[in-house]
Amino acid sequence: MPMMVFYVIGIPLLAFIILLKNRRKLDQPEVIKYTLLLYQGLRHEVFYWELINTSRKCILLGLHVFVPDKFRIIKALLGVFMLFVCSLIQHRLKPFKIKIITSLGRRKRFVP
């Protein structure tokens with residue numbers, strides 16, 4: 001259980017802290033070398049988008065694993081609501097540098 005908490009919360013939080021600390025220097029070569037993988041393709045204003053995306057995935061997985069099967073309808077409704085909210089956030093923030101990627105990212109969320 002402690003490793004699951006570390007993996008689910010600790011690693012994304014550490015990545016966010018590194019990006020937050022270096023957010024003004026994301027274009028400098030010495031910072032790019034270590035952080036490019038975390039924000040590649042994203043606009044600099046929304047460097048934290050991967051944290052939001054990872055949180056969405058963890059919440060959906062948590063709903064599936066921890067909500068009992070006798071609440072299937074509630075589980076499904078919460079999942080659809082979560083996807084809807086994330087889609088609205090993505091539409092508002094437009095995190096990707098290329099517009100077509102934002103559009104594809106929004107669509108892939110609803111395709112199995």
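## Basis

A residue counts as buried when its relative accessible area is under 20%, as exposed when this is over 50%, and as partly exposed in between. The structure described here is a predicted model.

## Aromatic cluster

At 23% relative accessibility, F16 falls in the partly exposed class. A search of the whole structure gives 2 aromatic pairs. In one of them, the ring centres of F16 and F47 are 6.4 Å apart and the planes meet at 15°; the pair is therefore stacked, since planes under 30 degrees apart are classed that way. This pair joins distant parts of the chain: F16 belongs to helix α1 (residues 2-21), while F47 sits in the loop between α2 (29-39) and α3 (49-66), and the two are 31 residues apart.

F47 also pairs with Y48, with ring centres 5.5 Å apart and planes at 80°, so this arrangement is edge-to-face. F47 has a relative accessibility of 7% and is therefore buried, whereas Y48, at 25%, is partly exposed. Together, F16, F47 and Y48 make up one aromatic cluster.

## Helix α2

The buried residues of α2 are V31, T35 and Y39. Viewed down the helix axis, the buried residues of α2 lie within an arc of 60°, and they therefore line one face of the helix.

On the face of α2 turned away from this buried side are the exposed residues P29, K33, Y34 and L37.

## Arginine 56 in helix α3

R56 is located in helix α3.

The side chain of R56 does make a polar contact, at 2.7 Å, with the side chain of N53.

## Cysteines and disulfides

A disulfide is a covalent bond between the sulfur atoms of two cysteines. How many disulfides are counted in this model? The count is 0 disulfides, with a pair of cysteine sulfur atoms required to lie within 2.5 Å.

C58 has a relative accessibility of 28% and so counts as partly exposed. C86, at 5%, is buried.

Key:
Residues numbered from 1 in each chain as written. Predicted model: local features only at pLDDT ≥ 70, side-chain atom pairs only at ≥ 80, totals over all residues. Heavy atoms only, no water. Phe/Tyr/Trp six-rings, centres within 6.5 Å; stacked < 30°, edge-to-face > 60°. Helix = DSSP H or I, 4+ residues; strand = E, 2+ residues; numbered from the N terminus. Buried < 20%, exposed > 50% of the residue type's maximum accessible area, 1.4 Å probe, protein only. Polar contact = N/O pair within 3.5 Å; in protein donor to acceptor, adjacent residues only side chain to side chain. Arc of directions from axis to C-beta.
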